[in-house]
Every structure is written in C-alpha cells, then in structure tokens.
Amino acid sequence: YRALRIDPMDYTCDVLPADINMTCRDMAFDYTTGAMYVTGDNGADTGVLAQMNLTTGELTVVGETDVVLTTLAITEDGRMYGVSANGTLYQVNRESLALTEVMNGPSSEVIQSMHYDLNSGKMFWAYASKYLSECYEVDIENGSLISLGTVSNDGAEISCLYTVPEHEPTVPASVKPAGVSMPETQYVVKGQTKQLEALVLP
C-alpha cells in the first residue's frame, strides 16, 4: 500500500514513497498537535493506532487498541473517536489508547469512514455494510445517530470522508511531549549493537 497526498483545492495528488505494511482503515488529522493518525489492523483481533509522516507516508505505531477501529475522527479540540466493527463508538485516549464507550450503532466490518467537520462542528459517519450504505450525523455529546439518508442499497463503501475547512485552525509550532512509544520487544545478536527507534508522543 502507498499513501496519497491530495490537494483539496484542485484535487491533484502525489504518491508518497513509503511502503505501508498494515491494513489502514481510516485516518484523521489532529490540529492540536499537528499529527496525522491512522487506525488499522495487522491481521489480529486487536487494532493498531499509528502516526503518519506527511512527507514520506511512513507509519510509526503508537500502540494497540483492544478492538479494531474501522473509523477515526478527531475534534477541533483534539478528542479522538473511533467505531469498532460491532458498531460501538469509542472515545480514544491518545496516550494510553484506553477506549471509553460512547454509544452503540450498526455493526459492519467493511471499509467506511468518519470525519469531524470544522465548519459546522459536527461529526459525520459514512457507514457501509454488505447491503447498505448510509450517512449519519454523530452526536458525540449525547451518544446518538441522525440518519442523513441512504447512499447506496448495494453496499458501496466510502473509504474516505472529508470536508474542506473554510478557516483552517493553526497548528501550534511546538507541543509538550506526552511520552515515548517504542516496541516492547527487540532482538539483537550477541556482541552486536542495534539502533532503536522511538516515537515522541503526541
């Protein structure tokens, strides 16, 4: 897999050079830290949360989530949300990756997307199953869904949902580190040295 960098003004795109070695489900940009987050899985029952380098497309794993999140969205103030395959909407703690249940919705394991619209302050979910595609407005404050209508009756999958902000928030020049993430297990041949890589959070 490769990532594309798309210009929202004229929709031209560049293919980023890094190979992506996990199944990516959805992605969201955090304006409070300037980080692009990606949710996905590596064939296991648990999910993976990673950060993407916007120049190379390289993914750095932040950690694992207890379930695979099929969607990801981040509010203007930095709150992260994701929907699991069984339809549960969770708020995700970006540091501990702990999941807090917000509501239960329709279940589906196929490709879908969620997005926080900066213009309206509302969250939208492009839901898809094998037989139906529908667009929802997600009320994260009271945990409810508002159906905005059917997209398709044959299960069309919307893999990316995005709205262009009229006034894009300013990304801070620097942020206070929240911690360091690195693989828990490393292997090295006896007598040899190895350079370790770590991700400074956020």
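Hello everyone, and a quick word on what we're looking at. This is a predicted model, where local features need pLDDT of at least 70, side-chain atom pairs count only at pLDDT 80 or more, and totals for chains, interfaces and linings use all residues. Residues are numbered from 1 along each chain as its sequence is written, and side-chain values use heavy atoms, with hydrogens and water left out.

Let's stay with the cysteines for a moment. For C13, the closest cysteine sulfur is in C160, and 12 Å is again too far for a bond. Searching the whole structure turns up zero disulfides, that is, pairs of cysteine sulfur atoms within 2.5 Å. As for burial, I'll call a residue buried under 20% relative accessible area, exposed over 50% and partly exposed in between, using a 1.4 Å probe and protein chains only. C160 is exposed at 55%, while C13 is partly exposed at 43%.

Now to the aromatics. Rings of Phe, Tyr and Trp (its six-membered ring) pair if their centres lie within 6.5 Å; planes under 30 degrees apart are stacked, over 60 edge-to-face, and the rest tilted. That rule gives four aromatic pairs. One of them is W125 with Y136, a tilted pair with 5.7 Å between centres and 40° between planes. W125 belongs to strand β12 (residues 122-128) and Y136 to strand β13 (residues 133-139), so this pair ties together parts eleven residues apart in sequence. Strands here are DSSP runs of E, at least two residues, numbered from the N terminus. Both partners are tucked away: W125 is buried at 2%, and Y136 is buried at 11%. Through ring pairs, W125, Y127 and Y136 are linked into a cluster.

Next stop, T33, in the loop between β3 (23-30) and β4 (35-41). Is T33 buried or exposed? Its relative accessibility is 16%, so T33 counts as buried. The T33 side chain makes a polar contact with the side chain of D30 at 2.9 Å. By polar contact I mean N or O atoms within 3.5 Å, where within protein one must be able to donate a hydrogen and the other to accept it, and residues adjacent in sequence count only if both atoms are side-chain atoms. The T33 side chain also reaches the backbone nitrogen of A35, at 3.4 Å.

Finally, Y162 lies in the loop between β14 (144-152) and β15 (179-181), and Y162 is partly exposed at 45%.

Definitions and conventions
Helices (H or I, at least four residues) and strands (E, at least two) are DSSP runs, numbered from the N terminus.
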